[in-house]
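Student: Please take one part of this model and go through it closely. Then set that part beside other parts of the chain, with the cut-offs behind each term.

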Amino acid sequence: MTDRSQKPRTVLVLGATGGIGGAVARGLSQRGWKVRALNRNFARAAASAPRFEWIEGDAMRRLDVRAAAEGVELIVHAVNPPGYRNWGKLVLPMLDNTIAAAKAEGARILLPGTIYNFGPDAFPVLTEESPQNPHTDKGTIRKEMELRLKAASETGVGVIILRAGDFFGPDAANNWFSQGLVKPGKPLAAISYPGKKGVAHQWAYLPDVAETMIRLVERAAELPAFAVYHMRGFVDDDGTKMIAAIRRAAGGDRLPVHAFPWWLMTLASPFVPLFRELRKMRYLWRQPLEMPNERLLATLGEEPHTPIDEAVAATLKALGCASATAGRIATAEGLPPANMAVSS
């Protein structure tokens, strides 16, 4: 174990070029942490965030992770295979490498959790202790990740897991907002919604998620060895409030809403891994979902929360979708007409 008595606080971020990894890395850097990041494309990564200490390497290689973790007290494990490819072969070995490095350095592990490790039997209210009976391959892997982290915590490795709803935000990638509801890079002419009126859905603004994770890290000494928390985020309690927020942000009260093309996911899933995974997650839109945050509030006193209109406006601007185009009113899967008033 490395002696840190005279060293600044150092964090290793795996996945620093991604949405949540990058947001946590920037937030920790602003708080005075020395941020070290591992990436296979050293030159491109260093150009994107020059204030970080970039190390060339691969999260799949244990020696690379071990070397990059020397002297750190925290490892942010926010790395995922791109495009949902080869999850079964890559995800668990990468986590095992992180656990091995954390054990060697006496470092804590911070993991962005998901709700994929819960099956429909746990809905509609998910608590930190809800049963995990996933019915997808990805959910099974996420469950195994948490089991391995819990086992590591029993051997002295501190673990923090923050689970949240569907990510959205200026830097969020591979999420329902940017790949389902809107089309990045185009003026917003319509909204595609995967759910229907009356079915609650939970969202998490990525900057708020990162800030919450950082605040938990700052309270790490007070936390249990295996600390799991749920964020409440933004709860669309009837399946219409996110649509209303997008309309307000885009300036298009009569912006049409179309049903998400689930049929296309079915047809293309044999050829497009992303579509195949999205189709498997349809149950998340068919059943109401809410994640109470009482445990988080008891620890932090409050949950970081950006007003939904501000969060959606920033997201649309970053995606190049800020301008609305007037269109014909449409109704999708029981959603209200576009001119129906919806409060947030």
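Tutor: In helix 8, the buried positions are Lys241, Met242, Ile243, Ala244, Ala245, Ile246, Arg247 and Ala250. Buried means under 20% relative accessible area, exposed means over 50%, and partly exposed lies in between, with a 1.4 Å probe and protein chains only. The model is a predicted one, in which local features need pLDDT of at least 70 and side-chain atom pairs count only at pLDDT 80 or more, while totals for chains, interfaces and linings use all residues. Residues are numbered from 1 along each chain as its sequence is written, and side-chain values use heavy atoms, with hydrogens and water left out.

Helix 8 spans residues 241-250 and is mostly covered, with 8 of its 10 residues buried. Helices here are DSSP runs of H or I with at least four residues, strands are runs of E with at least two, and both are numbered from the N terminus. Glycine 251 follows helix 8 and has a positive phi, near 75°.

Where does helix 8 meet helix 13? The axes of helix 8 and helix 13 (residues 308-319) come within 9 Å and cross at roughly 65°. Axes are lines fitted to C-alpha atoms, for helices over the stretch in contact, and the angles run from 0 to 180 degrees between N-to-C directions. The crossing of the two is right-handed; a crossing counts as right-handed if the near helix is turned clockwise from the far one by less than a right angle, and left-handed if anticlockwise. On the helix 8 side the contact is made by Met242, Ala245, Ile246, Arg248, Ala249 and Ala250, and on the helix 13 side by Ile308, Asp309, Val312, Ala313 and Leu316. Contact means heavy atoms within 4.5 Å. By class, the residues of this contact are 9 nonpolar, no polar and 2 charged. Ala, Val, Leu, Ile, Met, Phe, Trp, Tyr, Cys and Pro count as nonpolar, Asp, Glu, Lys and Arg as charged, and the others, Gly among them, as polar.

Helix 1 can be described in the same terms. Residues 19-30 form this helix of 12 residues, which reaches 17 Å from its first C-alpha to its last, close to the 16 Å expected at 1.5 Å a residue. The expected span is 1.5 Å times one less than the number of residues. Helix 1 is mostly covered too, with 9 of its 12 residues buried. Its buried residues pack against several elements, including strand 1 (10-14), strand 4 (74-77) and helix 7 (206-218). After helix 1 comes glycine 32, with a positive phi near 100°.

The axes of helix 1 and helix 7 come within 9 Å and cross at roughly 55°, which means that helix 1 is oblique to helix 7. Angles under 35 degrees count as roughly parallel, over 145 as roughly antiparallel, 65 to 115 as roughly perpendicular and the rest as oblique. This crossing is right-handed. Gly19, Ile20, Ala23, Val24, Gly27 and Leu28 of helix 1 make the contact with Leu206, Val209, Ala210, Met213 and Ile214 of helix 7. The contact residues divide into 9 nonpolar, 2 polar and no charged.

Among the contact residues are Trp87, Val91 and Lys103 in helix 4 and Lys138, Ile141 and Ala152 in helix 5. The contact divides into 9 nonpolar, 1 polar and 6 charged residues. Tryptophan 87 is buried, with a relative accessible area of 9%. Tryptophan 87 and isoleucine 141 are 54 residues apart in sequence and 8.1 Å apart in space, C-alpha to C-alpha.

For the setting of these helices, the protein chain holds 13 helices and 12 strands. Of its 344 residues, 54% count as buried. Among contacts with a separation of 6 or more, 78% are between residues 24 or more positions apart.
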